[in-house]
Amino acid sequence: MVNGSWVATRYCQRMAAERVAHAEHAHITHHTVRQSDETPEEFCRWHNGEIETETYCSSYND
């Protein structure tokens, strides 16, 4: 909590992005092996502006 407001940790942000990826039968990883794997950069490129992933992807969409 910062100044009375909740702040999402990096772990919480990652979990929210993982839920979106899971719903699309994808997996976020830095080392793509399977066809359904996406790097965080690829994932955020396709999910730019979505409220569920906005905080997580902010560092990748600068």
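**Notes on the core and its surroundings**

1. Let's start inside. The largest nonpolar core has nine residues, namely A17, V20, A21, A26, I28, F43, C44, Y56 and C57. Helices α1 (10-23), α2 and α3 each put at least two residues into this core, and the largest share, three residues, is supplied by α1. Bear in mind while reading that this is a predicted model.

2. On the overall layout: the protein has three helices and two strands, and along the sequence they come in the order α-β-β-α-α. The C-alpha atoms fill a box of roughly 45 × 20 × 20 Å along the principal axes. Of the 62 residues, 31% are buried. If you take the contacts between residues at least 6 apart in sequence, 30% of them join residues at least 24 apart.

3. Now the cysteines. There is one disulfide in the structure, and C44 and C57 form it, with 2.2 Å between their sulfur atoms. The torsion about the S-S bond is -80°, which makes the link left-handed. What does the pair tie together? C44 sits in helix α2 (residues 40-46) and C57 in helix α3 (residues 54-57), so the link joins parts that are 13 residues apart in sequence.

4. The loop between α2 and α3 deserves a look, starting with H47, which lies in it. H47 has a relative accessibility of 4%, so it counts as buried. Setting aside residues up to four places away in sequence, H47 touches V20, E24 and T53.

5. How buried is T53? The relative accessible area is 0%, so T53 is buried. A polar atom of the T53 side chain lies 3.1 Å from the backbone oxygen of H47. For a sense of scale, T53 and S5 are 48 residues apart along the chain, and their C-alpha atoms are separated by 19 Å.

6. On charges, the count comes to two salt bridges. In one, the side chains of E18 and R14 meet with an N to O distance of 3.0 Å. Both residues lie in helix α1, four residues apart, about one turn of the helix. R14 has a relative accessible area of 24%, so it is partly exposed. In the other, R34 pairs with D37, and the closest N and O atoms are 3.3 Å apart. D37 counts as buried, at 10% relative accessibility.

7. Last, the aromatics. How many aromatic pairs turn up in a search of the whole structure? The search finds one. It is made by Y56 and Y60: the ring centres are 5.7 Å apart and the planes stand at 50°, so the pair is tilted. Y60, at 27%, is partly exposed.

Definitions and conventions
Residues numbered from 1 in each chain as written. Predicted model: local features only at pLDDT ≥ 70, side-chain atom pairs only at ≥ 80, totals over all residues. Heavy atoms only, no water. Disulfide = S-S within 2.5 Å. Buried < 20%, exposed > 50% of the residue type's maximum accessible area, 1.4 Å probe, protein only. Contact = heavy atoms within 4.5 Å. Core = buried A, V, L, I, M, F, W, Y, C linked by side-chain atoms within 4.5 Å. Salt bridge = Lys/Arg side-chain N within 4 Å of Asp/Glu carboxyl O. Phe/Tyr/Trp six-rings, centres within 6.5 Å; stacked < 30°, edge-to-face > 60°. Polar contact = N/O pair within 3.5 Å; in protein donor to acceptor, adjacent residues only side chain to side chain.
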